[in-house]
Amino acid sequence: MNTQFGDRLLHGADYNPEQWLHDPQVLKQDIEYMKKAGCNVMSVGIFSWAALEPEEGHYNWEWMDGVIQSLHDNGISIFLATPSGARPVWLAQKYPEVLRVSSDRHRNLYGARHNHCYTSPIYREKIKGINEGLAKRYANHPAVKLWHVSNEYGGDCHCDLCQDAFRAWLKRKYGTLEQLNAQWWTTFWSHTYTEWSQIESPAPHGENGTHGMNLDWRRFVTDQTLDFMQHEIAAVKSYNPELPATTNFMYYYDGLNYFKFKDTVDIVSWDSYPTWHKTADLDIAIDTAMNHDIMRSIKGKPFLLMESSPSMTNWQSVSKLKKPGMHILSSLQAIAHGSNSVQYFQWRKSRGSSEKFHGSVVSHDGSSDTRVFQEVADLGGILQQLSDVASTNSQAEVAIVYDWENKWAIENSQGPRNKGMGYIEEVQSHYRALQKQGITTDFVDMECDITGYKVVIAPMLYMLRSGFEQKLRAFVEQGGTLVMTYWSGIVNENDLVFLGTAPHQLSDVAGVVSEEIDGLYDHEQNSGRVIQAFGGSEGSSLKGSYTCSKLCDLLHLEGAESLMVYNDDFYAGRPALTHHRFGEGETYYIASHFEEGFYDDLYSDLIDALTLTRPVDVKMPQGVYAVARSNDKVQYLFVQNFTFKSASVPSLDAEWMSVTRNVDLSKAWDLEPYEVLVAKRELE
């Protein structure tokens, strides 16, 4: 973590004092409450453009001066935001080109957030002006520890400026129209381009069926957003290059490839809003943990939980309150998976507009005598107690491939299912099994280095790009264990189908060839039965039959051995799970999407066979899982109960000592509903 923060965990919120400038007592009360809640940082200025620059070129810094100094005087640090996420009315009125044009080619009216064109020279000029003003005035203030660049970048613009920029991007990528036409396969439907000016972005009333173009537009949007963010960061770092910068990412956000941002942001941060209590909380917890681990993996370092709700949201379908204990549990879950902060949207509830009922630390009653405030304050005390955790990180022997561009291609492929291809669900099936068994997991995309892992899991590797098939081949040859699945090695980076056998350039590594793939209706199932014990061991967990759904790959063996076969349909008896030795390593190929128990049993066997490291070698009760962070000297263990009932946890090794509760961990002990217990052990 950057030394700006010291070795401490951060606790704070989005703070919007510009909404309360008419009442100076609010700021005074807020600071009193922040200290009472154990808060040590506030994100300020996220939507403050109109308050900072009420008229073009006329700045009002005085109120911000007072807020920053008051927080600093009371020991509270600042994440200072750039205000590009929501422009003032005067800017849109005077320069309408800054407003976005939608995919149907209509220019938006003023309103909402991120309703601006990243390509617009005027918008870039204006954001540079206010960003440099902020940097000149505050970049060297001792309270300011981080640049919070914009807020939840997202969306695209289809204006003439963006069309020209897209064509220029394509020229750089392909060089010639001949190459573009070949890679987009434009001879289909007679869509061959003869002039660059003929190319337009995908449109609902125009071209939207050229899959290579659809992919390239998404890539262009990522690159253009990244370029705009770099423009912002250059402005704020002009007065203090050492001050780190972040931008807050979102939950499974489909519009941007977040791995592309890893070399530009100094720290990854994201906004987490799980729908606790909507379904089984363990399922929601695994889903949330996966997002935490993706964010940690982008840079391979601790991240910041930039936003969460201390109680509820107001934009989900139901504004469900967190049950007692869930706030502390969910917050420490983020810490367990690599966050060095817990922050909220928002500190104090707004009186009006779209988020007036969004959860906050301080509600409309202005009181600190509430259940929510007390849980926030209790968490603040725990985070102070766990300050040493900030100097630790997660250590993983397993990596799962989660590739945004592959996901885009799968969901746009028009077959073998046009609804519910289930890429995220397939990734989660592997991740869930590993989490339940205490295995720390990294995530990589196809541009990442995979050397150093014992196991790489590549679910639904439909697209192969950046020479990833060669990375996988070398990984297995040199002794790694690769787990592949159905619908892999089908197309190149432009969604152009490979000719020859599938999986492309990996059929010998997997020892199988995929001939066809059967799409199952939602009401259909097949199943696979084990015909050979895993590793030849009669004590294998993988036994009997397991149901499967969604897609069934029809394989024939090219050197691999079959561990499971299908039970039903015309492909009964064909391989459903295979194993193949290649070079010094091995590959497992899973031919369908199986029930949860299959992944639990498969990975139980694989973990034992490869002696993968667990922080504790005990079987946790249903609804409880454990995860660890460590450095060279100490390891912290977070045991989390995501059920609304008490759970009996087996005894741990004698060296573990409880940090958050007085309990002897060398004996069986009870974990209360929605409780998390943190333990530590010395490694030296």
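**Strands, sheets and spaces**

Reply: Happy to! Strand β2 (residues 41–44) is covered on both faces: V41 and S43 on one side, and M42 and V44 on the other, are all buried. This is a predicted model, in which local features need pLDDT of at least 70 and side-chain atom pairs count only at pLDDT 80 or more, while totals for chains, interfaces and linings use all residues. Residues are numbered from 1 along each chain as its sequence is written, and side-chain values use heavy atoms, with hydrogens and water left out.

Me: What makes a residue count as buried or exposed?

Reply: Buried means under 20% relative accessible area, exposed means over 50%, and partly exposed is in between (1.4 Å probe, protein chains only). S353 has 61% relative accessibility, so S353 counts as exposed. You can find S353 in the loop between β9 (341–344) and α11 (371–385).

Me: Why do the side chains of a strand fall into two groups?

Reply: In a regular strand, side chains alternate between the two faces of the sheet. Strand β11 (residues 441–444) is an example: T441 and F443 point one way, D442 and V444 the other way, and all are buried.

Me: How do you know that β1 and β2 pair, and in which sense?

Reply: Two strands pair if DSSP finds at least two bridges between them. Strands themselves are DSSP runs (E, at least two residues), as are helices (H or I, at least four), numbered from the N terminus. Strand β1 (residues 10–15) and β2 have four bridges, in the parallel sense, so they meet the rule of at least two. Y15 has V44 as its bridge partner in β2. Likewise, strand β10 (residues 398–401) is joined to β11 by four bridges and runs parallel to it, with V444 as the bridge partner of V401.

Me: What makes β21 and β24 edge strands?

Reply: Their sheet is open, with four strands in the order β21-β22-β26-β24 and antiparallel pairing. β21 (624–630) and β24 (657–658) each have a single partner strand, so one side of each is left without a neighbour in the sheet. Within that sheet, seven bridges join β22 (residues 634–641) to β26 (residues 676–682), and V634 stands opposite E682.

Me: Which helix lies across β6, β7 and β8?

Reply: Helix α9 (residues 281–299) does, running at about 155° to β7. Axes are lines fitted to C-alpha atoms, for helices over the stretch in contact (heavy atoms within 4.5 Å), and angles run from 0 to 180 degrees between N-to-C directions. The three strands form an open, parallel sheet in the order β6-β7-β8.

Me: Why is a space called a cavity?

Reply: On a 1 Å grid over the protein atoms alone, a cavity is a set of points where a 1.4 Å probe fits but cannot get out; lining residues have an atom within 4 Å of a point. The volume is the space filled by probe spheres set on the points, which are joined across faces, edges and corners. A search of the whole structure finds five cavities of 30 Å³ or more. The largest holds about 80 Å³ and is lined by 13 residues, with Y118, D156, C157, C162 and Q224 nearest its centre.

Terms used
1 Å grid on protein atoms, 1.4 Å probe; cavity = no way out; pocket = protein on both sides within 12 Å on 5 of 7 lines; lining within 4 Å.
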